[in-house]
Amino acid sequence: MRRRDFLKTSIAASAAIVGTSLSAGTTHQPNDTREVSKMAFPEKRPLITYSDRPPLLESPRSTYTKQLTPNDEFFVRWHLPDIPTHIDPDAYTIHINGLVEKELHISLKELKNDFEHVEVEAVLQCGGNSRSAFDPIAGGIQWGSGAMGSALWKGVRLSDILNRAGLHKDAKFIGFNGKDNAAYYETPNFVRELELEELNDHVIVAFEMNGEDLPYLNGYPLRLVIPGYYSDSWVKMLSNITVTNKYKSLFFMDVAYRVPDNECECETPDEKFKTTKPITTMNVKSVIGYPENGMKVYHNSHIVVRGVAFDDGHGIKDVMVSTDDGKTWEKSILKKGSSRYAYSAFRFAYKPEKYGKVNIMAKAIDRLGNEQPLAKDVKWNHGGYKYNGIDTVQVEVV
Amino acid sequence: MKKILLLTLLSVGSLFAQVKGDVAVPYISYEIKMGKGFDSIQANCLMCHSFGYVLNQGPQSKEFWHKKVVKMITHFKAPITKEDVEITTNYLFEHYGNGKQK
């Protein structure tokens with residue numbers, strides 16, 4: 001009775017309800033049953049919609065046939081409900097303060113005119129992408145596999161901005177804050193704090209995404225781009241950069257977006273691991289864009305399996321595809337992006353010679369030899385972070 | 001002819017002015033289960049975030065929901081009274097629980 005109630009009313013629950021009595025945490029394929037909503041958000045086509053305040057939008061599977069994610073299909077994830085609904089690009093400034101020689105207020109125009117422009121093609125993925133794969137259900141939005149995208153980001157180097165301000169000798173941490181606000185004044189801002197050492201020349205303050213202004217919901221007019229890192233660090237509507245010598249305790253750094261600080265980054269639901277660490281860099285992952293679960297394909301027809309693969313910037317070496325439940329694997333054809341942080345798009349020619357249901361699986365391997373585990377072999381963690389199981393779609397050959 | 005030109009200019013203009021003027025984020029109406037304690041949910045939870053945020057946590061234990069409510073007080077500084085902690089936890093567990101205490 002209870003179970004049926006859930007299925008009727010909860011959009012999120014469907015895949016995860018089965019088998020909750022296990023004491024060890026398990027993992028399975030993420031939920032792939034949700035459809036895009038009828039309602040479109042500003043500058044977006046209709047996407048899978050979880051929340052309006054804050055806006056939470058997921059890309060459907062078909063998005064992952066494309067090497068660059070179109071801006072209007074790009075996922076959206078905000079933490080605080082109050083986002084400015086009006087931004088005047090002529091008045092927008094970014095403030096650089098703290099342990100700097102000279103405090104700066106740089107206008108959007110100055111940023112675009114006075115600094116060298118650089119571009120980087122890079123994947124942006126939420127640390128909780130695919131969270132619906134975890135059982136018992138990990139707290140947080142029950143994302144399918146669509147909380148990720150890849151774009152060509154254009155902007156200026158963070159280091160150029162910091163150099164212009166001049167860092168003090170004891171500068172060690174950089175805090176980033178955006179313009180989103182909570183409903184209560186006392187609520188902490190979504191500030192990210194990174195160690196200076198972590199920030200290389202690939203880190204940029206971006207004002208363009210795929211040749212256009214950033215969409216409003218992706219952080220217009222400026223966002224931080226940290227290639228290889230999960231998106232929680234890519235602060236949107238960036239308005240403030242503060243240099244410090246001491247780590248400031250922050251909720252979104254110290255409590256959220258953390259995994260167990262052990263080698264497997266895992267734990268059991270009954271015995272959570274005591275110490276945690278930030279999720280930082282991404283693990284190797286791939287997602288199939290075509291075909292999709294439940295599609296019918298013709299016997300002896302010519303199918304092109306397509307998808308995207310990435311890691312934290314070491315680069316993808318191969319994406320292997322299996323159509324016999326993982327007994328044999330064959331190399332797909334890879335098309336690299338313009339940077340090592342970009343998607344590698346893969347294609348695989350498949351001719352279904354048997355009738356009935358077939359599982360198509362894709363497994364990415366990076367240059368270090370890291371490869372994706374089977375969905376069931378991904379280790380459980382309480383936040384449902386960093387899922388990277390081998391993606392599987394089931395088609396019916398008719 | 002002038003009219004056509006003007007129209008063309010206008011449409012080109014709107015193509016490139018991506019975020020000029022106000023942007024309206026649509027409101028979504030969620031299917032909400034009414035029941036004892038919902039008033040408290042409305043006053044304490046929906047002030048800050050949508051019901052979708054609740055729904056999309058998936059069905060959870062009583063302890064999970066209790067911890068979520070307490071997190072809103074500790075970390076997000078939501079002014080939720082002791083009494084309302086209990087009322088909201090009970091509502092969430094009754095309607096969006098997994099049947100388990102822990």
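Biologist: Over how many bridges do β19(A) and strand β26 (residues 391-397) of chain A pair?
Modeller: In this predicted model, β19(A) and β26(A) run in the parallel sense.

Biologist: Which strands stand at the edges of the open sheet of five strands in chain A?
Modeller: The order of this open sheet is β19-β26-β25-β21-β22 in chain A, and its pairing is mixed. A strand with a single partner has one side left without a neighbour in the sheet, so the edges are held by β19 (296-297) and β22 (330-331) of chain A.

Biologist: What is the order of the open sheet of three strands in chain A?
Modeller: The pairing in this sheet is antiparallel, and β3 (residues 56-58) of chain A pairs with β4(A) over two bridges, with A:Leu56 having A:Arg77 of β4(A) as its bridge partner. Because β2 (48-51) and β4 (76-77) of chain A each have a single partner strand, they stand at the edges.

Biologist: How much of the contacts in chain A with a separation of 6 or more is accounted for by residues 24 or more positions apart?
Modeller: Chain A has four helices and 26 strands. Among its contacts with a separation of 6 or more, those between residues 24 or more positions apart account for 69%.

Biologist: Which element gives the largest share of the side of domain 1 of chain A that touches domain 2 of chain A?
Modeller: Chain A is divided into domain 1 (1-281) and domain 2 (285-397), with 41 residues of domain 1 in contact with 35 residues of domain 2. The elements that give two or more residues to the domain 1 side are β1 (26-27), β7 (117-125) and β16 (258-260) of chain A. With four residues, the largest share comes from β7(A).

Biologist: How many polar residues does the side of domain 1 of chain A that touches domain 2 of chain A have?
Modeller: The C-alpha centres of the two domains of chain A lie 25 Å apart, and 41 residues of domain 1 are in contact with domain 2. On that side of domain 1, 14 residues are nonpolar and eight are charged, while the number of polar residues is 19.

Biologist: Why do the buried residues of α3(A) lie on the same side of the helix?
Modeller: The buried residues of helix α3 (residues 158-165) of chain A are A:Leu158, A:Leu162 and A:Ala165. What covers them includes β5 (93-98), β6 (104-107), β9 (148-157) and β12 (204-209) of chain A. They are placed on the same side of α3(A) because the arc they cover around the axis is only 60°.

Biologist: Which residue of β6(A) does A:Ile96 stand opposite?
Modeller: β5(A) and β6(A) form a hairpin with five residues between them, and their pairing is antiparallel over four bridges. β5(A) is also joined by four bridges to β15 (residues 238-244) of chain A, with the two running parallel, and A:His95 there stands opposite A:Asn240. In β6(A), the residue opposite A:Ile96 is A:Leu104.

Biologist: How many residues of chain A are in contact with chain B?
Modeller: On the side of chain B, 32 residues take part, and helix α3 (residues 51-55) of chain B gives the most, with three residues. By class, that side of chain B has 16 nonpolar, 12 polar and four charged residues. On the side of chain A, the number of residues in contact is 42.

Biologist: Is B:Tyr96 buried or exposed?
Modeller: B:Tyr96 lies in helix α5 (residues 82-96) of chain B, and its C-alpha atom is separated by 8.7 Å from that of B:Ser61, 35 residues apart along the chain. The cut-off for burial is 20 or more other C-beta atoms within 10 Å. B:Tyr96 has 22 such atoms, so B:Tyr96 is buried.

Definitions and conventions. Residues numbered from 1 in each chain as written. Chains lettered and ligands numbered in written order. Predicted model: local features only at pLDDT ≥ 70, side-chain atom pairs only at ≥ 80, totals over all residues. Contact = placed C-beta atoms within 7 Å. Nonpolar A, V, L, I, M, F, W, Y, C, P; charged D, E, K, R; others polar. Pairing = 2+ DSSP bridges. Domains from an automatic or database assignment. Buried ≥ 20, exposed ≤ 12 C-beta atoms within 10 Å, placed from the backbone. Arc of directions from axis to C-beta.
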